[in-house]
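Student: I've got a model open and I'd like to learn how to read its strands and charged pairs. Can we go through it together?

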Amino acid sequence: IDSNEPNGPQYVWNDISTTGTEITNWIPTGSFDPRDEGTAGPFPIGIDFKFYGETKTELYVNTNGVISFINITENIFSNGSIPTSGIPDDMIAPFWDDLDGRTQGNVYYKQDGNKFIIQFTNWQRYSGTGSLTFQVVLQSNNRIYFYYENMAATLNSCTVGIENYNGTDGLQIANNAAYIEDQLAVMIAADPEWLTLNQYSGILYNG
């Protein structure tokens, strides 16, 4: 559900560009510059995050707007539909496109109590076009939030969604479609908003 829907998530922007840690140790996934085609990590997320039935404790960040729980070691500049049997798998895609941070932009991460935040700031599309600022927030209740602050670029050539570890299951929100806009919030949740448990076993006695 997104912020344009009734009872959707509220758009909030918690800028971590001055409080988070900048990602600088990009590893190339091919023969291109690592800030163009690269992955960094793993980064400990500080919470036990459940994703498609598996508990995740660390993640990787790819320059093409993808967060993954397994290392991406090949170029993924061509975004595809979700789900797909090809790479990337076990991933969260707030804005999967051919992105390029060689001449502009920074990526930050921050562990903030019950949530982990990744922020792309002024990141560009390939060939140095546009300016994209957006976040992914993973919460300890296993919800995923996307926040799009300033998306001044071509927005209808990306993929948005999530996919499991082997590409057999996924949730596609958008693929090469007009969907992303400034100050849009998206929430992905596996459980209803009104049902939250912190105790999963016990005994109920009569009376």
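This is a predicted model: local features need pLDDT of at least 70, side-chain atom pairs count only at pLDDT 80 or more; totals for chains, interfaces and linings use all residues.

Student: What do strands of a sheet pair through?

Tutor: The general idea is that strands in a sheet pair by backbone hydrogen bonds, in either a parallel or an antiparallel way. Here, V61 stands opposite I67 in β5, and N62 stands opposite V66 in β5.

Student: How many residues lie between β4 and β5 in their hairpin?

Tutor: Three, and G65 in that turn has a positive phi of about 75°.

Student: And on the β3 side, how many bridges join β3 to β4?

Tutor: Seven, between strand β3 (residues 38-51) and strand β4 (residues 54-62), again in an antiparallel arrangement. Across that pairing, F43 is opposite L59 in β4. β3 and β4 also make a hairpin, with two residues between them, and Y52 in the turn has a positive phi of about 50°.

Student: What order do the strands take in the open sheet?

Tutor: Read it as β2-β3-β4-β5-β6-β12-β13, seven strands with antiparallel pairing. The edge strands are β2 (27-28) and β13 (170-175), since each pairs on one side only.

Student: Which other residue forms a salt bridge with K56?

Tutor: D90, with the closest N and O atoms 2.8 Å apart. That pair links distant parts of the chain: K56 is in strand β4 and D90 in the loop between β5 and β6 (91-96), 34 residues apart. Both K56 and D90 are buried.

Tutor: Another salt bridge is R102 with D100, at 2.7 Å from N to O. R102 is partly exposed, with 44% relative accessible area, while D100 is buried at 4%. As for shared partners, E54, K56 and D90 are joined into one network of salt bridges.

Student: Is D2 buried or exposed?

Tutor: Buried, yet without a salt bridge: the nearest side chain of opposite charge, R143, is 15 Å away. A polar atom of the D2 side chain does lie 2.8 Å from the backbone nitrogen of N4. Beyond its sequence neighbours within four places, D2 has contacts including Y179, L184 and V186.

Key:
Residues are numbered from 1 along each chain as its sequence is written. Side-chain values use heavy atoms; hydrogens and water are left out. Buried means under 20% relative accessible area, exposed over 50%, partly exposed in between (1.4 Å probe, protein chains only). Lys and Arg count as positive and Asp and Glu as negative; His and the chain ends are not counted. A salt bridge is a side-chain nitrogen of Lys or Arg within 4 Å of a carboxyl oxygen of Asp or Glu. A polar contact is a pair of N or O atoms within 3.5 Å; within protein, one must be able to donate a hydrogen and the other to accept it, and residues adjacent in sequence count only if both atoms are side-chain atoms. Contact means heavy atoms within 4.5 Å. Two strands pair if DSSP finds at least two bridges between them. Helices (H or I, at least four residues) and strands (E, at least two) are DSSP runs, numbered from the N terminus.
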